[in-house]
Amino acid sequence: MDEYVLKVAGVERKLPVVRIADNIKIASFVILGDTELVTLAAAELKKRIPEADYLITAEAKGIPLIQELARISGMKRYVVARKSIKPYMSDPFVTEVYSITTQRKQLLCIEKEESEMIKGKRILIVDDVISTGESVRALEKLIKRAGGTLVGKAAILAEGEDAINREDIIFLEKLPLFPIDPSDAIQ
């Protein structure tokens, strides 16, 4: 199995390189369960992010990071946009997103109480990885619709040249994409 060695926030991780489409492989970066990396990355991001009233992320891999970032920032609440409308949600705000890792359209939803919390507040988008930016754009729509003010977008990693070259995101390290030669693609 191919591996990519990532060095971020003072730690090193060996990431498996996996095919996600006929023409592309990614280094699979999963922070779920990695308390050391999450804690150190949140501390590094905190030094770089603007002041915000609330943080928001998309379910699910960004949750450990947003939890730690909110905790060290002294925030009592943060918002997680769910990937489906839950029975407990009253008047949810909903938008669609196409994710590179799931390869299909998904919903992102926040409930009415969260949209009211966001209204008139400074909101920072937080994620583990920003790649195509589709999740970020969907979160931006939810923030705008709720009447919040976007103050920034932050992630541990920017994946691929498009994300790496963006000037509107804050990130700790770069993560390459691995194109597959068409002659090696699955038939």
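Visitor: Leaving aside its neighbours within four places in sequence, which residues is Ser 115 in contact with?
Guide: Setting those neighbours within four places aside, Ser 115 is in contact with Phe 93, Ile 110 and Ala 146. Keep in mind that this is a predicted model.

Visitor: And where is the place of Ser 115?
Guide: Ser 115 sits in helix 3, residues 112-118.

Visitor: Is Ser 115 buried or exposed?
Guide: Ser 115 counts as buried, because its relative accessibility is 5% and the cut-off for buried is under 20%.

Visitor: What does the side chain of Ser 115 reach?
Guide: The backbone oxygen of Lys 112, at 2.7 Å.

Visitor: Switching to cores. How many residues has the largest nonpolar core?
Guide: That core has 30 residues, and those with the most contacts inside it are Val 8, Phe 29, Leu 37, Leu 55, Ile 156 and Leu 157. Among the elements giving two or more residues to this core are strand 1 (3-8), helix 1 (35-46), helix 2 (63-72) and strand 9 (149-159).

Visitor: Which element gives the most to this core?
Guide: Helix 1 does, with 5 residues. Apart from this core lies another one, of 26 residues, including Ala 81, Ile 110, Ile 130 and Val 136.

Visitor: Back to helix 1, then. Which of its residues are buried?
Guide: Leu 37, Val 38, Ala 41, Ala 42 and Leu 45 are buried in helix 1. They cover an arc of only 125° around the axis, so they lie on the same side of helix 1.

Visitor: What do the buried residues of helix 1 pack against?
Guide: Strand 1, strand 2, helix 2, strand 9 and strand 10.

Visitor: How far does helix 1 reach from its first C-alpha to its last?
Guide: Helix 1 reaches 16 Å with its 12 residues, close to the 16 Å expected at 1.5 Å a residue.

Visitor: What about Phe 29, leaving aside its neighbours within four places in sequence: what is it in contact with?
Guide: Beyond those neighbours, the contacts of Phe 29 include Leu 6, Leu 15, Leu 37, Lys 61 and Asp 128. Val 129, Ile 156, Leu 157 and Leu 175 are also in contact with Phe 29.

Visitor: New topic: how many aromatic pairs does the count come to?
Guide: The count comes to 1 aromatic pair. The ring centres of Tyr 4 and Phe 178 are 5.9 Å apart and the planes are at 65°, so this pair is edge-to-face.

Visitor: Which parts does the pair tie together?
Guide: Tyr 4 lies in strand 1 and Phe 178 in strand 11 (residues 177-179), so the pair ties together parts that are 174 residues apart in sequence.

Visitor: What is the relative accessible area of Tyr 4?
Guide: Tyr 4 has 23% and is partly exposed. Phe 178 is partly exposed too, with a relative accessible area of 23%.

Note on methods: Residues are numbered from 1 along each chain as its sequence is written. This is a predicted model: local features need pLDDT of at least 70, side-chain atom pairs count only at pLDDT 80 or more; totals for chains, interfaces and linings use all residues. Side-chain values use heavy atoms; hydrogens and water are left out. A nonpolar core is a set of buried Ala, Val, Leu, Ile, Met, Phe, Trp, Tyr and Cys residues joined through side-chain atoms within 4.5 Å. Buried means under 20% relative accessible area, exposed over 50%, partly exposed in between (1.4 Å probe, protein chains only). Helices (H or I, at least four residues) and strands (E, at least two) are DSSP runs, numbered from the N terminus. Contact means heavy atoms within 4.5 Å. Rings of Phe, Tyr and Trp (its six-membered ring) pair if their centres lie within 6.5 Å; planes under 30 degrees apart count as stacked, over 60 as edge-to-face and the rest as tilted. The expected span of a helix is 1.5 Å times one less than its number of residues. The arc is that of the directions from the helix axis to the C-beta atoms. A polar contact is a pair of N or O atoms within 3.5 Å; within protein, one must be able to donate a hydrogen and the other to accept it, and residues adjacent in sequence count only if both atoms are side-chain atoms.
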